[in-house]
Amino acid sequence: MHISARVLSPLVAAVLVAGAVTVTPTPAAAGHRPAPTNGFSRSGPWNTKLPRTVPLDPRSAQIVHNIQLDKENNYGTWAINTDTYSTPIFTVDRRTPRTRWTFSDCLGIPEAGPVIADSLAAVPTPPDLFASLGTDAALTIYEPDTDTYWDFWRAEKDAAGHWSACWGGKISHYSRNPGIFPNPLGATATGLPMGAFTIRIDELRRGHIDHAINIATVRTKAGCHSWPATRDDGNTVGEDLPCEGQRFRLDPDFDVDTLLSPAARTIARAMQEYGVIMTDKAGAVVTYAEDPRLEMARNGGVDPYSLLIDPDDIVPDGSEKYLLFYDLPLERLQALPLDYGKPCP
């Protein structure tokens, strides 16, 4: 993911002139369904199940075909990002020390500083905090005690232990938020919180994911985003390309039980039940799962994904994340119409 100054700067200017754009929380659904794993509103776009019969984008087959081409032309795989180009997820409480972070302005747009200032003003910062590997250096923080969420992009700790970030944002009352940052905040180029869609290790252990997941691909349509995205960094002109924020789902007629990996079966069911949202562009076709290094620090350095993806040790060690979806037919994805599910004004 790359948040470009070209895309962000006009949005920042608009916010400085008009004031921050707010997101109206979606009312909680009736009933006693447990709170979703991601912590956002039960009735938001991430946590609402799709009906079995949904309309499809008129160009669904062509759009999915272009994602297939991105897979074939970029490493030939649909992979899971974990410690690299994903996010660690830190759950903290009100006792966690709060520190003022610095705006690093890595994009050379100093006018963005006032827009993100509140998000950086008092960040709960545990001593073991770290960012993902790779140039995105992303991290996610939940504080259930105060119902607050943060995520950051290009987060960095200096030699003196002080943290900074180039971009990101804070969501107050996140349990009532649908899982959308107020524009132009958020660590992804679409303004969609990483904690809303990132697959958790515990979800794979229990064999159930109760929210939509994400997909990122190499080519996304320039100048196009679909709800729930609030912005985009689309890079390619063409009618048959996915728009960032566009929702997909795995064909519900596909037999998930034919997949070899138990983790793949769990993820595929979530794709059928909740869907898949195009959250960003990337250097390959990828889906994000939680950075395992927090857990590895507690269990002697063992990466939990190896056992979760390949419990029978069929594939070579180290290749599990690249082969997880080898038997999941990407061509069975279906593109839903732009702005599918968007609430009426």
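Predicted model: local features only at pLDDT ≥ 70, side-chain atom pairs only at ≥ 80, totals over all residues.
Colleague: Is Y75 buried or exposed?
Modeller: Y75 is found in the loop between helix 2 (60–73) and strand 1. Y75 is not a glycine, yet has a positive phi of about 80°. The cut-off for exposed is over 50% relative accessible area. At 72% relative accessibility, Y75 therefore counts as exposed.

Colleague: Which side chain of opposite charge is nearest to E320?
Modeller: E320 belongs to helix 9 (residues 320–323) and is buried. A salt bridge needs the charged atoms within 4 Å, and the nearest side chain of opposite charge to E320 is 7.0 Å away. E320 thus has no salt bridge, and that nearest side chain is K321.

Colleague: Which backbone nitrogen does the side chain of E320 reach?
Modeller: Leaving out residues up to four places away in sequence, E320 touches S306, I309, D310 and V315. The side chain of E320 also reaches a backbone nitrogen at 3.0 Å, that of G318.

Colleague: In what order do the four strands of the open sheet lie?
Modeller: The edge strands, each pairing on one side only, are strand 2 (89–91) and strand 10 (167–172). Strand 2 runs parallel to strand 6 (residues 139–143), joined by three bridges, and F90 stands opposite I141 in strand 6. The pairing in the sheet is mixed, and the order is 2-6-7-10.

Colleague: At about what angle does helix 3 run to strand 10?
Modeller: Helix 3 covers residues 113–120. This helix lies across strand 7 (148–153) as well as strand 10. To strand 10 it runs at about 55°.

Colleague: Which residue in strand 14 does N81 stand opposite?
Modeller: Strand 1 (residues 78–81) has W78 and I80 pointing one way and A79 and N81 the other, and all are buried. Strand 1 pairs in the parallel sense with strand 14 (residues 285–288) over four bridges. Within strand 14, N81 stands opposite Y288.

Colleague: What is omega for the cis peptide bond from W227 to P228?
Modeller: P228 lies in the loop between strand 11 (213–217) and strand 12 (247–250). A cis peptide bond also joins N183 and P184, where omega is about 10°. For the bond from W227 to P228, omega is near 15°.

Notes
Residues numbered from 1 in each chain as written. Heavy atoms only, no water. Helix = DSSP H or I, 4+ residues; strand = E, 2+ residues; numbered from the N terminus. Buried < 20%, exposed > 50% of the residue type's maximum accessible area, 1.4 Å probe, protein only. Lys, Arg positive; Asp, Glu negative; His and termini not counted. Polar contact = N/O pair within 3.5 Å; in protein donor to acceptor, adjacent residues only side chain to side chain. Contact = heavy atoms within 4.5 Å. Pairing = 2+ DSSP bridges. Axes fitted to C-alpha atoms, helices over the stretch in contact; angles between N-to-C directions.
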